[in-house]
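This note sets out, in numbered points, what a colleague may wish to check in the structure shown below. Each point may be read on its own beside the coordinates.

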Amino acid sequence: MAIKKNEIRMGKVQLRIMQFLWDQGEAPAREISDHIATTDAISHSTVQTLLRKLEQKGAVSHVERDRIFYFSPIADRSDVTTSTTRDFVNRVFQGSASSLVSHLLQHEQISADELQQLREMINKAEEKPK
């Protein structure tokens with residue numbers, strides 16, 4: 001069963017793998033494992049399993065050169081960000097963007113510059129034709 005590219009769901013480590021691949025463009029499995037292991041206690045075999053799952057989801061592909069698998073991203077960063085955000089807002093905030101923003105304003109440190117950027121984004125959103 002093929003998964004639509006805008007519906008790819010990923011766990012924390014899978015998302016870290018994707019971020020690394022988006023930044024690198026292509027990398028061998030060992031390099032990906034070594035990078036992930038700098039912040040997460042995870043084995044190379046677990047990373048290989050996660051890469052296979054990402055491949056099944058249509059997020060990455062691989063080529064084999066000299067018996068080494070090189071992985072590259074297929075899924076677009078923007079599509080994954082959108083689907084991951086939508087999934088998070090739906091699961092944690094029952095689909096309410098305003099509840100998410102309210103939570104962030106109440107519980108996170110937000111700089112004056114970030115608040116100004118948010119005001120500008122809200123103003124632009126209000127100006128859009130409906």
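Predicted model: local features only at pLDDT ≥ 70, side-chain atom pairs only at ≥ 80, totals over all residues.

1. A27 is placed in strand β1, which spans residues 27-28; helices (H or I, at least four residues) and strands (E, at least two) are DSSP runs, numbered from the N terminus. A27 counts as buried because its relative accessible area is 0%; buried means under 20% relative accessible area, exposed over 50%, and partly exposed in between, with a 1.4 Å probe and protein chains only. Apart from neighbours within four places in sequence, A27 is in contact with F20, L21, I32, F69, Y70 and F71, where contact means heavy atoms within 4.5 Å. Between A27 and S111 there are 36 Å in space, C-alpha to C-alpha, and 84 residues in sequence.

2. Residues are numbered from 1 along each chain as its sequence is written, and side-chain values use heavy atoms, with hydrogens and water left out.

3. Helix α1 (residues 12-24) and helix α2 (residues 29-37) have axes that come within 10 Å and cross at roughly 120°. That makes α1 oblique to α2; angles under 35 degrees count as roughly parallel, over 145 as roughly antiparallel, 65 to 115 as roughly perpendicular and the rest as oblique. The axes are lines fitted to C-alpha atoms, for helices over the stretch in contact, and the angles run from 0 to 180 degrees between N-to-C directions.

4. Which residues of α1 and α2 meet? From α1 come V13, R16, I17, F20, L21 and Q24, and from α2 come E31, I32, H35 and I36. By class, this contact of α1 with α2 holds six nonpolar, two polar and two charged residues. Here Ala, Val, Leu, Ile, Met, Phe, Trp, Tyr, Cys and Pro count as nonpolar, Asp, Glu, Lys and Arg as charged, and the others, Gly among them, as polar.

5. The buried residues in α2 are A29, I32, S33 and I36. Seen down the axis of α2, they fall within an arc of 100°, so they line one face of the helix; the arc is that of the directions from the helix axis to the C-beta atoms. These buried residues of α2 pack against α1, β1, α3 (44-56) and β3.

6. S72 belongs to strand β3 and is buried because its relative accessible area is 18%. Not counting residues up to four places away in sequence, S72 touches G25, E26, A59, V60 and S61.

7. The loop between β2 (60-65) and β3 (68-73) contains D66, and R67 also lies in the loop between β2 and β3. Although D66 is not a glycine, it has a positive phi of about 50°; R67, also not a glycine, has a positive phi of about 65°. D66 is exposed, at 75% relative accessibility, and R67 is exposed at 76%.

8. The axes of helix α4 (residues 77-93) and helix α5 (residues 97-107) come within 9 Å and cross at roughly 80°; α4 and α5 are therefore roughly perpendicular to each other. In this pair, F88, V89 and F93 of α4 meet A97, S99, L100 and H103 of α5. The residues of this contact divide into five nonpolar, two polar and no charged.
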